[in-house]
Amino acid sequence: MEFYDSGMLSGCDADIPMFPIGSIRIGSETRIQTGLADTGNNLVDPYSGLPIIVCSRQAFSDLLPQCQKKQRHYHYVPYGTVSGTSLMPVFQADEVLLQNETTGARQQVAARIGLADAQEQAIFHPNLLQTI
């Protein structure tokens, strides 16, 4: 796996990694998502109250039938960007682990996974990153 030079963003209570790594498990399949900490990502699942990690729809395309099962809590969440508003498919993974690229520290987190078409890197909710 290729790693980026690490940077830090200043958070309210702690420094958070700019380039976290997420390991997202659905059944026996795991996807590794590198990404960016985005202090502007305030997406929260209105049903569970959990923060949303925005990932590439393409990275999960082969798993979508499994993600759409009822036990995965698959649903749509409205969201807005500078280019407009839309609905994002969101689901529950079996396990989400985040790793701080600088320290190597890993932490399991409670989050929902959102899928977007134009994403190459994951966009992590900043509250999730303050724990690693």
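Colleagues, the structure holds two aromatic pairs, a pair being rings of Phe, Tyr and Trp (its six-membered ring) with centres within 6.5 Å; planes under 30 degrees apart count as stacked, over 60 as edge-to-face and the rest as tilted.

Phe60 and Phe91 are edge-to-face, because their ring centres lie 5.9 Å apart with the planes at 65 degrees. This pair links distant parts of the chain, 31 residues apart: Phe60 sits in the loop between strand S5 (52-56) and helix H1 (64-67), and Phe91 in strand S7 (residues 84-91). Helices (H or I, at least four residues) and strands (E, at least two) are DSSP runs, numbered from the N terminus.

Phe60 counts as buried because its relative accessibility is 0%, and Phe91, also at 0%, counts as buried. Buried means under 20% relative accessible area, exposed over 50%, partly exposed in between (1.4 Å probe, protein chains only).

The other pair, Tyr74 and Tyr76, is edge-to-face, at 5.8 Å centre to centre and 80 degrees between the planes. Tyr76 is partly exposed, at 46% relative accessibility.

The model is predicted: local features need pLDDT of at least 70, side-chain atom pairs count only at pLDDT 80 or more, and totals for chains, interfaces and linings use all residues. Residues are numbered from 1 along each chain as its sequence is written, and side-chain values use heavy atoms, with hydrogens and water left out.

Turning to Ile123, this residue lies in strand S11 (residues 122-124). Beyond neighbours within four places in sequence, Ile123 is in contact (heavy atoms within 4.5 Å) with residues including Leu36, Asp38 and Ile52.
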